[in-house]
Every structure is written in C-alpha cells, then in structure tokens.
Amino acid sequence: MEQAIDQLLEQPGIWRASARHPSPTHPAGSHVPSGFSALDGALPGGGFPASALTEILHDEHGIGELRLVMPALARLSRGGRWIAMIAPPFVPYAPALAAQGIDLSRLLIIHPADPPQALWSVEQALRSGTCAAVMAWPSRCDDRSLRRLQLAAESGNSMGLLFRSQTAASERSPAALRLTLGESSGQRLDIRILKCRGIPAGTIELDTWSTTPVRTQQPLPLEG
C-alpha cells in the first residue's frame with residue numbers, strides 16, 4: 001500500500017505544502033464530524049463516513065462545497081495522515097486553507113495528466129492507507145469506477161469526497177452518502193441528503209459562512 005502512495009508522490013504534478021508541523025490528534029470512530037451541528041445531527045454516526053465515499057453534487061463552483069468539508073478536513077489533517085486533492089478545477093490558495101485549520105504539511109495536490117490517470121490516482125490514494133481523506137473532481141465516473149473507489153476507501157480506511165455535477169444525481173452510485181447543494185441565499189446553503197445509509201432523504205439548511213471562505217489565487221475560484 002505504501003508503495004502506491006510513493007508512486008503518487010513521485011509524480012511531477014504533485015505539490016506538497018509545508019507550513020506547519022502536524023499535531024497528534026485523530027478523530028475516533030467510523031464517522032468524522034462535519035463541524036455543522038445541524039448536518040451532524042441528521043447523519044447516522046454524527047458526521048461524514050470515515051471509510052467510504054461521499055458525493056457532493058453541485059451546479060456551480062464556489063457555492064459552498066469546500067466550506068462544507070473544511071472543518072472535517074482540518075480535523076483529519078492533524079492526525080498524521082495525508083489529505084489529498086486530486087485534479088482540483090482551480091489552484092487552491094494555501095493561506096486560506098491554513099486559515100481554515102488545514103495543516104498544510106499534510107496536504108498533497110495532485111494534477112494527473114488525463115481522466116483515466118485521475119481515477120487511478122484517486123483509487124490508489126484511497127487504498128494506500130496513508131490518506132485520511134481524498135478529495136477529487138472526476139470529469140467522468142461510471143458505476144464500475146465508483147464501486148472500485150468505494151471498495152478502495154473501505155480498504156484504506158480513507159474518507160473519499162467526490163465533487164460532481166448535479167446531473168449525476170440521477171445516476172446509480174454505491175457511495176455511502178450523497179448530498180446535493182443549492183445556495184438559498186448569500187449566507188445559507190441548502191443541503192439535500194439524496195442518499196444515506198440508514199436514513200431517508202431530507203433537506204437541511206446550513207450557515208456555512210461561520211468560517212473564512214476558501215479562495216484561490218486565480219480568477220476562477222475553488223470557493224467563490
């Protein structure tokens with residue numbers, strides 16, 4: 001498993017941030033608290049599934065998709081394992097990530113050459129056992145690929161976060177949790193639980209502006 005992650009680290013498209021030393025904290029249990037009490041209260045286990053796929057479906061970049069996962073990722077980044085970002089659509093802005101509590105010394109940003117290599121990178125990172133969380137923005141992802149990623153997340157005890165278009169909502173998916181996002185106002189985010197093991201679908205409204213928004217150095221932002 002470690003060999004797979006070593007292969008990823010050798011790729012020239014990976015950027016390793018190193019701003020601070022990690023602190024030895026790690027959330028216990030099979031779920032990672034999201035940091036939003038309304039969402040945690042609605043999800044079995046009180047947060048995102050820690051060893052499974054979560055799909056976050058949204059129409060536009062910057063609607064609040066990263067603010068939604070930042071508290072959980074900050075918590076995981078202090079546990080000694082990697083946080084991997086694979087094929088992000090824009091360039092993440094390191095100071096803003098640090099302001100959200102992300103330990104940049106545990107952050108990997110991977111830019112695969114093409115969509116097949118991107119899916120391979122996601123699977124290897126999930127399966128390696130060295131990544132606490134893997135974030136990915138796949139351009140194409142069929143049911144077979146999703147099943148491989150779900151199994152890899154279970155095998156590697158890694159939280160997989162896939163950011164996909166709302167059009168994928170009608171597709172079949174083995175992901176443990178599927179959320180669709182819609183911004184109801186400038187400071188509110190509507191979250192629909194499309195699929196979750198153990199509970200019916202429902203809608204939650206969150207205030208995701210309680211922390212500093214994540215922005216990028218580029219005109220096209222990861223967070224708006």
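Here is a short tour of the fold, the nonpolar cores, the cysteines and the salt bridges of this protein. The model is predicted, so please read each point below with that in mind. The protein has 224 residues, and 52% of them are buried. Its secondary structure comes to six helices and eleven strands.

**Overall picture**

**Nonpolar cores**
- The largest nonpolar core holds 38 residues, and the members that touch the most others are Phe48, Leu68, Val69, Leu73, Met135, Met159 and Phe163.

**Cysteines**
- If you are wondering about disulfides, the structure holds zero.
- Cys131 has a relative accessibility of 1%, so it counts as buried.
- Cys141 also counts as buried, because its relative accessibility is 10%.

**Salt bridges within helices**
- The structure holds six salt bridges.
- In helix α5 (residues 115-127), Glu123 and Arg127 sit four residues apart, about one turn of the helix, and they form a salt bridge whose closest N and O atoms are 3.0 Å apart.
- Glu123 counts as buried because its relative accessibility is 9%, whereas Arg127 is partly exposed at 24%.
- In helix α6 (residues 143-156), Asp143 and Arg147 are likewise four residues apart, about one turn of the helix; their salt bridge has its closest N and O atoms 3.0 Å apart.
- Asp143 is partly exposed, with 26% relative accessibility, and Arg147 is partly exposed, with a relative accessible area of 39%.

**A salt-bridge network**
- Glu55, Arg164, Glu171 and Arg178 are linked in a network of salt bridges.
- Within it, Arg164 pairs with Glu171, and the closest N and O atoms of this salt bridge are 3.1 Å apart.
- Arg164 counts as buried, since its relative accessibility is 9%, while Glu171 counts as partly exposed at 37%.

Conventions: Residues numbered from 1 in each chain as written. Predicted model: local features only at pLDDT ≥ 70, side-chain atom pairs only at ≥ 80, totals over all residues. Heavy atoms only, no water. Disulfide = S-S within 2.5 Å. Buried < 20%, exposed > 50% of the residue type's maximum accessible area, 1.4 Å probe, protein only. Core = buried A, V, L, I, M, F, W, Y, C linked by side-chain atoms within 4.5 Å. Helix = DSSP H or I, 4+ residues; strand = E, 2+ residues; numbered from the N terminus. Salt bridge = Lys/Arg side-chain N within 4 Å of Asp/Glu carboxyl O.
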